[in-house]
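Today I opened a new model and kept notes as I went. Come and look along with me.

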Amino acid sequence: MKKGAWVKRTLIAVLSTAFVLTAAGCGAPSSGGGSQSADSGEPIILKFSHVTTAESPKGKAAEKFAELAAQKTNNRVKVEVFPSSQLYGDKDEMDALQANNVQMVAPSVTKLVGFVPSFQIVDLPFLFNGREAVLQFWDGDLGKKLMSSLEPQGILGLAMWENGFKNFTNNKHPLKRPEDFNGLKFRTQAGKVLEAQFTALGAGAATIPFGETYTALQQGTVDGQENTFNNIDTQKYAEVQKYLTVSQHGRLDYVVLVNKSFWDGLPEDIRKALEEAMKEATEYERQLAAELDQQSFENLKKAGMEVTELTPEDRAAFQKAFEPVYTEFAEVIGQEYIDGVKALK
Ligand code: LMR
């Protein structure tokens with residue numbers, strides 16, 4: 001991260017910590033919700049902002065967490081969920097979390113690159129060898145270490161929620177071989193690894209917030225994008241993208257993050273109840289994500305997308321083309337993480 005950005009983020013984290021602690025001490029509501037006044041009889045408000053639709057696995061699990069939180073705390077906590085970038089989008093949700101304007105967000109892992117570059121592990125093409133390896137990584141020591149690397153910035157990682165493997169779409173022609181990408185331009189979520197992935201294929205890339213991607217595809221600002229079946233489906237990209245390549249080349253999952261000062265300032269029994277609610281919501285989310293992934297694939301076919309499957313030879317050609325991405329980013333991401341994932345089968 002640039003030094004200026006780091007200083008800004010650290011300052012926000014320190015100021016918000018001071019602010020929340022003061023607010024908690026006075027029993028007054030903290031900025032934008034996150035009231036800690038358990039004595040007043042008013043519920044503690046926890047605002048949960050995210051960018052996908054209410055029907056996506058993330059959207060449904062956020063609602064499930066809200067329901068469980070109310071149940072397990074006897075309504076002492078009220079979780080207010082804001083889907084579809086209604087409150088904050090990709091550009092500002094992390095700042096809002098650090099400032100305690102919202103208490104919980106669940107960004108795609110890639111979008112944390114500005115905080116800790118190792119989060120781009122999920123973007124290395126064809127690194128994860130299936131869903132089981134992804135779950136093992138996040139539930140194991142390396143995933144936990146990665147999540148806890150956000151703590152110095154005032155952010156606590158509570159859980160990993162799944163979405164699925166990404167696939168390429170575009171509106172020009174079928175994409176079956178690396179050379180088919182030549183000269184096209186793709187939308188990326190964030191970070192240099194995804195940019196390098198497209199450069200390796202002779203294509204251009206532009207980072208565009210999720211909430212603006214449909215319009216960018218519709219207007220031809222970019223020719224294509226990469227996403228999970230469910231995001232392609234729930235964002236209705238089939239309306240503006242004709243071709244879908246089942247590439248399954250990278251992961252798109254979420255880390256559920258909470259403002260650390262808010263969390264630490266909660267009464268212990270409430271925090272415990274919310275931990276339980278998060279655990280159950282996570283089990284629900286992961287199962288749902290796996291189900292909806294397949295259902296959305298069917299929906300995309302029904303919506304008329306032309307589907308291209310890759311043979312093992314096509315896949316090998318892509319893997320070869322992506323070798324420079326591994327060379328360029330091994331150090332930035334950390335060889336320990338890369339080797340750790342490779343060891344999972
Ligand atoms: C994207 O920007 O494509 C995704 O990260 C959106 C999301 O939250 O699933």
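My entries cover the ligand and then a sheet.

**Ground rules.** I am working with a predicted model, where local features need pLDDT of at least 70, side-chain atom pairs count only at pLDDT 80 or more, and totals for chains, interfaces and linings use all residues. Residues are numbered from 1 along each chain as its sequence is written, and side-chain values use heavy atoms, with hydrogens and water left out.

**Entry 1: polar partners.** Next I checked N or O pairs within 3.5 Å. The side chain of Q189 puts an N or O atom 2.7 Å from a ligand oxygen. For R187, the distance from a polar side-chain atom to a ligand oxygen is 2.8 Å, and for an N or O atom in the side chain of N227 it is 2.9 Å. How much of the ligand does the protein bury? The protein buries 100% of the 270 Å² that the ligand exposes when taken alone (Shrake-Rupley method, 1.4 Å probe).

**Entry 2: the sheet.** I then traced an open sheet of 5 strands with mixed pairing, ordered β2-β1-β3-β10-β4. Strands are DSSP runs of E, at least two residues, numbered from the N terminus, and two pair if DSSP finds at least two bridges between them. β2 (77-82) and β4 (155-165) each have a single partner strand, so one side of each lacks a neighbour in the sheet. β4 and β10 (residues 251-259) run antiparallel, joined by 9 bridges.

Methods
A polar contact is a pair of N or O atoms within 3.5 Å; within protein, one must be able to donate a hydrogen and the other to accept it, and residues adjacent in sequence count only if both atoms are side-chain atoms. Helices (H or I, at least four residues) and strands (E, at least two) are DSSP runs, numbered from the N terminus.
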